[in-house]
Amino acid sequence: MNTQLNEHNQPIGDPVLNWQERPYPGDMHCTGDYAIVTRLSIEHTQDLFEAYRASQPANWTYLSTEPPTDFATFEQSIAEKINHPAAVFYAVLDRETNCALGMFSLMRIDPKNGVVEVGNVIFSDALRRTRIATEAHELLASYVFEELGYRRYEWKCDALNKPSFRAAERLGFTYEGTFRHAVVYKGRSRDTAWFSMLAEEWPDRKRVFIKWLARDNFDDQGMQLKSLAEYREEEK
């Protein structure tokens with residue numbers, strides 16, 4: 001790799017030609033083979049409440065919120081997410097049933113530099129570790145890179161949240177390091193693990209997603225025949 005030098009013989013970053021500020025995320029409705037990802041609305045409240053109430057409370061350990069306990073409070077929280085001033089929330093639906101089973105958001109949105117983070121990932125037990133969940137992440141990443149044209153897509157989590165850590169790596173994010181004592185939440189300290197995916201990496205990542213999501217990669221019981229990691233290794 002050739003290092004760029006300025007007039008003072010100092011190394012500098014590669015030029016970004018014709019760069020323009022990127023659009024702010026907004027309404028999005030993407031349909032895949034298994035999942036639908038669409039802008040969160042109040043109509044998703046009942047489905048999400050039922051899905052979360054049927055899920056393990058441990059799913060909320062590393063989230064800033066707690067599991068829903070009553071419908072009115074939960075409905076208010078959905079309204080707040082819909083009107084959030086700094087994040088855009090999307091619902092994840094099972095395409096077969098059209099039921100909302102989880103949500104996530106685009107947050108820490110930086111259109112000037114083309115950087116955005118996927119966060120507030122609250123997937124019910126009916127969604128976690130399914131083809132629907134994986135495809136939902138593929139659809140959101142496609143929106144970020146292909147429609148919005150962002151350069152950098154981030155994932156952050158509590159460094160002790162090993163399932164989230166593994167999910168980021170499984171989905172093709174690269175671990176960049178841990179920020180110590182980065183956050184205080186629920187009365188405790190959090191070290192935050194940082195991951196990223198770059199626009200130039202996305203075409204390879206997408207090919208892996210497409211191969212993994214293909215129906216012939218699953219047996220009659222819905223079990224995968226090859227993992228995302230195996231397909232990613234083949235791409236090298």
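**Cavity, pocket, helix and cysteines**

Helix α3 supplies the largest share of the lining of the largest cavity, namely three residues. Helices here are DSSP runs of H or I with at least four residues, numbered from the N terminus. Please note that this is a predicted model, in which local features need pLDDT of at least 70 and side-chain atom pairs count only at pLDDT 80 or more, while totals for chains, interfaces and linings use all residues. Residues are numbered from 1 along each chain as its sequence is written, and side-chain values use heavy atoms, with hydrogens and water left out.

The terms come next. On a 1 Å grid over the protein atoms alone, a cavity is a set of points where a 1.4 Å probe fits but cannot get out; a pocket is an open set with protein on both sides within 12 Å along at least five of seven lines; and lining residues have an atom within 4 Å of a point. Volume is the space filled by probe spheres set on the points, which are joined across faces, edges and corners.

The count is one cavity of 30 Å³ or more, and the volume of the largest cavity is about 30 Å³. Its lining consists of His137, Glu138, Ala141, Tyr153, Leu171, Phe173, Met197 and Phe209.

Consider His137, which lies in helix α3. Is His137 buried or exposed? His137 is buried, at a relative accessible area of 10%, where buried means under 20% and exposed over 50% with a 1.4 Å probe and protein chains only. Leaving aside residues up to four places away in sequence, His137 touches Phe104, Val118, Phe123, Trp155 and Leu171; contact means heavy atoms within 4.5 Å.

The second largest pocket has a volume of about 220 Å³. Of its 16 lining residues, Thr65, Glu66, Phe74, Ser77 and Lys81 are the closest to its centre. Helix α2, residues 71-82, gives the largest share of that lining, six residues.

In helix α6, residues 228-235, the buried residues are Leu228, Tyr231 and Arg232. They lie on the same side of α6 because they cover an arc of only 100° around the axis, taken from the directions from the helix axis to the C-beta atoms. Ala229 and Glu233, on the other side of α6, are exposed. The cover over the buried residues of α6 includes α3, α4 and α5.

Finally, the structure holds zero disulfides, a disulfide being a pair of cysteine sulfur atoms within 2.5 Å. For Cys30, the nearest cysteine sulfur is that of Cys99, 20 Å away.

Note on methods
Helices (H or I, at least four residues) and strands (E, at least two) are DSSP runs, numbered from the N terminus.
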